[in-house]
Amino acid sequence: MAKLTDFIPFRKIVGLAGIALILAGYFFLGIDPDTEPALAIKSAFAGMGLIITGAILSLGALFFAE
């Protein structure tokens, strides 16, 4: 009997989603120097969270055992 993973490339989808989250995180970390401190802190934490989540997804896809 065929498994769902035979039809849908989960590793590729999760890996690409992880890379997209990492790139989005770096976009959030690119803060202009004249940004208000409160907004800069929120953006920095959002960027770090996206990068960490994307790295976990990418590493998970890399070591995913089928």
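In this predicted model, Ala61 counts as buried because its relative accessibility is 8%, which falls under the 20% limit for that class. Ala61 belongs to helix α2, formed by residues 37–62. When residues up to four places away in sequence are left aside, Ala61 touches Arg11, Val14 and Gly15. Its C-alpha atom also lies 8.6 Å from that of Gly18, although Ala61 and Gly18 are separated by 43 residues in sequence.

Helix α2 also contains Ile52, and this residue is exposed, with a relative accessible area of 52%. Ile52 takes part in a nonpolar surface patch of about 740 Å², which is made by this residue together with Tyr26, Leu29, Ile41, Phe45, Met48 and Ile56. Two elements, α1 (10–29) and α2, each give two or more residues to the patch, and the largest share, five residues, comes from α2.

Considered as a whole, the protein has two helices and zero strands. The C-alpha trace spans about 60 × 15 × 15 Å along its principal axes, and the radius of gyration is 16 Å, whereas a compact globule of 66 residues would have a value near 11 Å. Of the 66 residues, 17% count as buried, and the protein exposes about 5,200 Å², of which carbon and sulfur atoms supply 75%. Among the contacts with a separation of 6 or more, 68% are accounted for by residues 24 or more positions apart.

How values were computed. Residues numbered from 1 in each chain as written. Predicted model: local features only at pLDDT ≥ 70, side-chain atom pairs only at ≥ 80, totals over all residues. Heavy atoms only, no water. Helix = DSSP H or I, 4+ residues; strand = E, 2+ residues; numbered from the N terminus. Buried < 20%, exposed > 50% of the residue type's maximum accessible area, 1.4 Å probe, protein only. Contact = heavy atoms within 4.5 Å. Patch = residues over 30% accessible without salt bridge, like charges linked within 9 Å, V, L, I, M, F, W, Y side chains within 5 Å. Areas by Shrake-Rupley, 256 points an atom, 1.4 Å probe, with all protein chains shown as cover. Salt bridge = Lys/Arg side-chain N within 4 Å of Asp/Glu carboxyl O. Rg over C-alpha atoms; globule rule 2.2 N^0.38 Å.
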